[in-house]
Amino acid sequence: MEDVCEGKEFSFPAEEEQVLKLWSELDAFHEQLRRTEGGEEFIFYDGPPFATGLPHYGHILAGTIKDVVTRHQSMRGRHVSRRFGWDCHGLPVEFEIDKQLGITNRQQVLDLGIGKYNETCRGIVTKYVAEWEAVVTRTGRWIDFKADYKTMDIKFMESVWWVFGQLWEKDLVYKGFKVMPYSTGCKTALSNFEAALDYRMVPDPAIMVSFPIVGDADNAALVAWTTTPWTLPSNLALCVNANLVYAKVKDNSTGAVYVVAESRLGQLPTKAKASAKKQAPSSSKGATAEVVQGGLDTEAYDLLAKFPGSSLVGLKYTPLFDFFLELQQTAFRVIADNYVTDDSGTGVVHCAPAFGEDDHRVCLAAGIIEASGLVVAVDDDGCFIEKITEFRGRHVKEADKDIINADKGRLVSRGSIEHSYPFCWRSGTPLIYRAVPSWFVKVEKIRDQLLECNKQTYWVPDYVKEKRFHNWLEGARDWAVSRSRFWGTPLPLWISQDGEEIVVMDSIEKLERLSGVKVNDLHRHHVDDITIPSSRGPEYGVLKRVEDVFDCWFESGSMPYAYIHYPFENRELFEKNFPGNFVAEGLDQTRGWFYTLMVLSTALFGKPAFKNLICNGLVLAEDGKKMSKSKKNYPSPVEVIDEYGADALRLYLINSPVVRAESLRFKRSGVYGVVKDVFLPWYNAYRFLVQNAKRLETEGLSAFSPMDQASLLKSSNVLDHWINSATESLVSFVHQEMDAYRLYTVVPYLVKYIDNLTNIYVRFNRKRLKGRTGEEDCRVSLSTLYHALVTTCVAMAPFTPFFTETLYQNLRKVATKPEDSIHFCSFPSTTGERDERVEQSVNRMMTIIDLARNIRERHNKALKTPLKEMVVVHPDNEFLEDITGKLKEYVMEEMNVKTVTPCNDPMLYASLRAEPNFSVLGKRLGKDMGKVSNEVKKMTQEQILAFEKNGEISFFGHCLKLDDIKVTRQFKCPANVTENEIDAAGDGDVLVVLDLRADQSLFEAGVAREVVNRIQKLRKTAQLEPTDLVDVYYKSVGNGMNSLDEILRSQDQYVRDALGNTLIPMVVAPPNVVVLGEESHSVHDMSFVICIARCTPVVTHHATDNNDHLEALKVYMSSRSVSRLKDEFQAGNGKITVDYIEGFPPIDLQLGKHVFLSVADFYLAHRS
């Protein structure tokens, strides 16, 4: 393995760039596909984005989710074809072209020519493809851009035709009307998206109009409120809410009788009074008093009656205008629907079905109109048609005033309202809602099937499926799939002039066969002029294509079939693997792509289009607002990746609420947090492994080669078993959660695992990993750490593809038969070698250590200060055996205590106190709570112990269980000792007691630890690597000279264990020593100087009697690398021959007699 740098010098973005080069050289993505070819297919559908804009965090989020899942499935041996898709048609493209060409209305497109317009659209579809590919690739996502699919490709469009043809054959298509936002300036319907582009605050008239009820005894009239007077000539019904209460009131000044919702009586007009003060209603008029509370002016009106809205249904009324009298058999009556509310208006809504979506829906449902018989009284220019004789040729908005003035005595009140109103983003004219002819798919007919198919799918999170999507399907209405546009897939409908003959083209072959024309493109300018002869004979003329194109949602909903050109190609691939395995997009797609996928697959095959779905939420700016380029309220994705790396961004997004369909406030600091809390600890564990594996070679031992895992299972070290088990648990957990598509649970588990790996396994095994417990034990621990890191990297590779690849490329150098890339590795198999008992034991150890740390912190006792004894109190002997058995040495070393003593008698160091659990008992005990509470608080030590053993106790007939009483353990200090000398900390039923009293031996151990700590810090200051061989010198100064020398001699074994070598008095240092760092320190009033120097070989006088030869040997040996000398002595079994010194004969040198490789070795050998 190659040497690695410190974490602070490791550049995540720079390393990721190197990984991208490696993947390119290996053609890694396609190589992975080749390796899994023939394996089980895992079908992933990628929803096509528009290429007319640059990718943002929402795209990166969805792309990361898709990449994690598909990479994981590939590592499980499945063949996962991943082709990028582009949504090429529709509004976003036309919007760009209209801006580019200065087009403001439909006629301008026709004047330019549909062909020129469409080809211009085609030209910008791929405007940002290069940028998309660069960003997507940089985020680590593997997906095929070269074999991409585009909705404008002829093969894709042909499959869309086939889908429509299947719907037609199943009698699921009809022509009708749909009320849509309509631009009179551009003479075209707009989508809801377009309608939302330009809202402005404008004043509009707000009037109340009366509609006399036919045959009413009081000559009452229903009163409706509207802000669109121009729709009144087209009124065909009045709608009320059957569940509201309505009131009939008489206007005392005019005698007119009105009917409105009771809660809206206060909206009726009143004449100005001489006095602003109203008279209080008399007590005899109970009904009137009740109405006053609803806002009725009792001076102006009398309440005649109250009744439910349902009693109004079916009543006939006199229309305001007589333009539609031919419909009077079905029209001009009261209907009911819950869309009518009492939070505005009068509780009575006037319905003009050609100009309101709800109006159209309720009138159709009530039989007021028929689907195909609707008369739209406003033409394409927004002017009234001839049928509206009084206002014909007038623009609707301009006619408002005249319609109000032509009130025919029916105007109840007039005013104005300022509100937010949609304008056309292209022409700047106010929009109207207008029924336009459209081709519909009969979704309502298959609604029950849709709900059933939804049950067959699995969603994360499931509430989006069970609530939001289910509710949307329950209310699903017929889908208008046609649009009066230019750049899109044309509807494949050819219709005769009399409308009696309709042919649906479900393939190019059929169109060519029937028309005799060769077809190379299916866009409008290529097929609009193609005609086919009538099958009824030449006298019936030819059939021409309808002008409409498909709604682009129909195209994307057809994606599972069209992207592989089904059924014209890939029939077996599709039919064996439908429904697809997986889709993922944002929450907004519940009413978009997820919906259209479900509708078309249910209609065509009676199946859902997908089996598994991950639904993500929105990525917002840090302030909780929508990300806005103009406001610059978020950092660009490229900027964040360049600073922290793509893996950090991926993990930040995956580990956030946004993967559970909630919103995420994007914070740059959150990405940095991932680097700090996940990647740096992970890297440091890897770095520690590499450094200590390299150290073996530096020390002249054989190079590190990881032992096989079967051998490692025989290790006697408990932490080896623990980390192996923990790694197995990680693999098992990732496997389980990825099967459940719960990506968001994996990262927290990984963070905990990395924390355990670094802060428990590596930290507690530093001696073993550094070789201080012998070479064999060192190799076992290094191999264990190696396998833990490799396994973790492989399991996490789908989540962090760059970082794991970087680590793997170095780790693979000592592996047998390694793969060229980590992404070619199979996902680790779960061997079942988990040891839950050892995992529990280590968890218990960490509990003990945390409690002991708390005590030390309370008393300002640093870990460098050794303590005499730790007592662990617990009633369970198994618990105590865990701590005082194989884990004892780890507890002693980590907490720097001389002994660990078990105690299973809780009463020896603790007193027990019982408190009632008020939150649990309060509701249950009621008035008995007080007296039971008092008894609980009075419980004796014996009662509490018996209660814990038996699990229950009774007071006043109430049986209390373990959850009902909180038992706390309070430390009971032994006699004649203060809490500053012995203190404790507890957690549940475990208590840790620390003896804080110092003695001479503890003092000396503490001094030695402080000295070692200063030396370790000096090594860091000198920027030394753990493998760098050095000699460490010290010199005592001042009054405490003799004391420090004695302490260091008594603690020599600890110092040697900690530093790997002994401390050398400064007086022993040779004159030619090369100093790397020197510092002065003082510990407990003992001053000293420490000096780190490069290892210098020592040649003794035993080498030769010739002084000149001896001096020449010293010069020669000091010029040599200590590491190479070590290798040579090892190769010669402790001996070498030196024959390179001119003028002197060859000489045999023996290590440890003639030569020592360091001053420390020489000092140790001759100290006595």
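Cys552 is a buried residue in this predicted model, with a relative accessible area of 16%. The cysteine sulfur closest to that of Cys552 belongs to Cys88 and lies 11 Å away, so the gap is too far for a bond. For comparison with the cut-off, a disulfide calls for two cysteine sulfur atoms within 2.5 Å. Cys424 is likewise counted as buried, because its relative accessibility is 1%. The search for disulfides, run over the whole structure, returns zero.

Of the 1168 residues in the protein, 54% are buried.

Turning to overall form, the C-alpha trace spans about 135 × 90 × 50 Å along the principal axes of the protein. The radius of gyration is 42 Å, whereas a compact globule of 1168 residues would have a value near 32 Å. Within these dimensions, the secondary structure comprises 41 helices and 42 strands.

The protein carries 158 negative side chains and 137 positive ones. The centres of these two sets are 3 Å apart, in a protein whose C-alpha trace extends about 135 Å along one of its principal axes.

Definitions and conventions. Residues are numbered from 1 along each chain as its sequence is written. This is a predicted model: local features need pLDDT of at least 70, side-chain atom pairs count only at pLDDT 80 or more; totals for chains, interfaces and linings use all residues. Side-chain values use heavy atoms; hydrogens and water are left out. Helices (H or I, at least four residues) and strands (E, at least two) are DSSP runs, numbered from the N terminus. The radius of gyration is taken over C-alpha atoms; the globule rule is 2.2 Å times the number of residues to the power 0.38. Buried means under 20% relative accessible area, exposed over 50%, partly exposed in between (1.4 Å probe, protein chains only). Lys and Arg count as positive and Asp and Glu as negative; His and the chain ends are not counted. The place of a charge is taken as NZ of Lys, CZ of Arg, CG of Asp or CD of Glu.
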